[in-house]
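Trainee: Could we go through this model together? I would like to begin with the strands and then turn to the core.

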Amino acid sequence: MTVKNIHGQQAIDSREVAEMVERNHKELLRDIRKYIEIMEKANERNFAPVDFFIESSYKDSKGETRPCYLITKKGCDMIANKLTGEKGVLFTAAYVTAFEEMQRAMQFQYQQPAFYPTKATSLGEVASFLREIRIPMEKAGQPPEAVLRQVELTCKQFGAATIPDYVKVGPFEQMTFYLPEPPTQRKMP
């Protein structure tokens with residue numbers, strides 16, 4: 001089951017829902033239209049059908065446009081409440097899991113790296129800290145660019161500015177080896 005993010009609202013395609021509940025898509029569309037009609041009649045209760053079902057469409061294999069709905073979590077709850085037995089249990093478990101996974105993915109996507117308040121009071125303490133980070137990185141064979149990225153991140157944490165590209169990786173030098181001529185044998189007189 002694939003949860004889509006439609007303008008900040010999470011929803012599942014009605015075709016997937018129909019497949020999950022083992023129903024014909026046309027029948028599910030008919031039921032959704034009935035639900036919408038009932039909610040619109042009870043307008044005094046402030047039910048907004050779009051909070052449950054978002055009208056949409058798709059292209060079929062012939063390239064023709066067909067109707068479908070994007071069903072929100074509320075809409076899935078409504079459909080699940082109409083189902084009984086094994087189908088209802090399996091559908092409920094599937095859509096609840098899918099919506100939770102989407103929610104977790106969205107939370108992870110928007111997390112910014114955390115910067116914690118520092119306890120350093122001087123630039124000397126920051127320099128000592130950087131030395132303690134740099135030495136093991138160099139011993140581990142980290143390239144200068146990796147050390148640079150760590151230093152920049154640490155300086156940013158402490159509010160110290162760095163100039164761009166202050167660590168340069170020099171070009172490789174071409175080394176030439178000259179092998180001595182093999183010793184010649186002296187002739188005996």
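Trainee: Which residue in strand 4 does I12 stand opposite?
Mentor: I12 stands opposite I71 in strand 4. Strands here are DSSP runs of E of at least two residues, and helices are runs of H or I of at least four, numbered from the N terminus. This is a predicted model, in which local features need pLDDT of at least 70 and side-chain atom pairs count only at pLDDT 80 or more, while totals for chains, interfaces and linings use all residues. Residues are numbered from 1 along each chain as its sequence is written, and side-chain values use heavy atoms, with hydrogens and water left out.

Trainee: How many bridges join strand 2 to strand 4?
Mentor: Three, and the two strands run antiparallel; pairing requires at least two DSSP bridges. Strand 2 (residues 9–13) also pairs with strand 1 (residues 3–6), antiparallel, over four bridges. There, V3 stands opposite I12, and K4 has A11 as its bridge partner.

Trainee: Is strand 2 mostly covered or exposed?
Mentor: Mostly covered, with four of its five residues buried, that is, under 20% relative accessible area with a 1.4 Å probe, protein chains only.

Trainee: Now the core. Which residues touch the most other members?
Mentor: F53, I71, I79 and F91, in the largest nonpolar core, of 23 residues. Such a core is a set of buried Ala, Val, Leu, Ile, Met, Phe, Trp, Tyr and Cys residues joined through side-chain atoms within 4.5 Å. Helix 2 gives the most to this core, with six residues.

Notes
Buried means under 20% relative accessible area, exposed over 50%, partly exposed in between (1.4 Å probe, protein chains only).
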